[in-house]
Amino acid sequence: MEWLTADVIDGATAGEAAQQLAAENDADVIGFAPDEANGFPGYRVEIETRYTVGDSIIPGTESQPALARATAVIAPRCDFSASADPDDVVELDCDGESVEVDPGDFRPGDLPDASVLFSVYLAE
């Protein structure tokens, strides 16, 4: 059940998602790397806008693009009993929502949406 700790998350799709979100906001990802915050794995992303800042109270910045960086972390929402036998049905408590995983009859489609299992938030 180590997948519940988010330690095995593949960054390939995270990078694609970061680029898509940046593009939707008229920006480009100029830096992307695995990171950690508060003991949780995550990704540090740096973006640059495709447009300039424009009129600003800071002199000399009107013709510069905006830069931003942040670390998004992936934290598990679920707990389970340390004495749970991984060969038997395991009951997860995901922030009050009960999820059962039966390793003898497991199909990935049986799992709830990833948002039930994990929380993603900006740490910095």
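Buried here means under 20% relative accessible area, exposed means over 50%, and partly exposed is in between (1.4 Å probe, protein chains only). This is a predicted model, so local features need pLDDT of at least 70 and side-chain atom pairs count only at pLDDT 80 or more, while totals for chains, interfaces and linings use all residues. Residues are numbered from 1 along each chain as its sequence is written, and side-chain values use heavy atoms, with hydrogens and water left out.

**The aromatic pair**

Let's start with the rings. Rings of Phe, Tyr and Trp (its six-membered ring) pair if their centres lie within 6.5 Å; planes under 30 degrees apart count as stacked, over 60 as edge-to-face and the rest as tilted. By that rule the count is one aromatic pair. Phe 32 and Tyr 43 make up this stacked pair, at 5.1 Å centre to centre with 10° between the planes. Phe 32 sits in strand S1 and Tyr 43 in strand S2, so the pair ties together parts that are eleven residues apart in sequence. Helices (H or I, at least four residues) and strands (E, at least two) are DSSP runs, numbered from the N terminus.

How do the residues picked out here score for accessibility? The table has Tyr 43 along with a few others.

| Residue | Relative accessibility | Class |
|---|---|---|
| Phe 32 | 33% | partly exposed |
| Tyr 43 | 12% | buried |
| Cys 78 | 7% | buried |
| Cys 94 | 3% | buried |
| Pro 103 | 39% | partly exposed |

**The disulfide**

Searching the whole structure turns up one disulfide, meaning a pair of cysteine sulfur atoms within 2.5 Å. Cys 78 is joined to Cys 94, with 2.0 Å from S to S. The pair links distant parts of the chain, 16 residues apart: Cys 78 is in strand S4 (residues 78-79) and Cys 94 in strand S5 (residues 90-94). The torsion about the S-S bond of Cys 78 and Cys 94 is about 105°, so this disulfide is right-handed.

**Strands and their partners**

Strands of a sheet pair through backbone hydrogen bonds, either parallel or antiparallel. Two strands pair if DSSP finds at least two bridges between them. S4 and S5 run antiparallel and are joined by two bridges; in this pairing, Asp 79 has Asp 93 of S5 as its bridge partner. They belong to an open sheet of three strands in the order S4-S5-S6, with antiparallel pairing. S4 and strand S6 (97-101) are the edge strands, each pairing on one side only.

Elsewhere, eight bridges pair S2 with S3 in the antiparallel sense, and Glu 46 has Arg 69 of S3 as its bridge partner. S3 also runs antiparallel to S7, with five bridges joining them; here Val 73 is partnered by Tyr 121 in S7.

**The largest pocket**

What lines the largest pocket? Its lining has 18 residues, with Ala 18, Leu 21, Val 45, Ala 72 and Leu 122 nearest the centre. Helix H1 (11-24), strand S1 (27-37), strand S2 (40-52), strand S3 (65-76) and strand S7 (118-122) each supply at least two of the lining residues. A pocket is an open set of points, on a 1 Å grid over the protein atoms alone, where a 1.4 Å probe fits, with protein on both sides within 12 Å along at least five of seven lines; lining residues have an atom within 4 Å of a point. The volume of the largest pocket is about 450 Å³, counted as the space filled by probe spheres set on the points.

**A loop proline**

Pro 103 is in the loop between S6 and helix H2 (114-117). Its C-alpha atom is 8.2 Å from that of Val 90, 13 residues apart along the chain.
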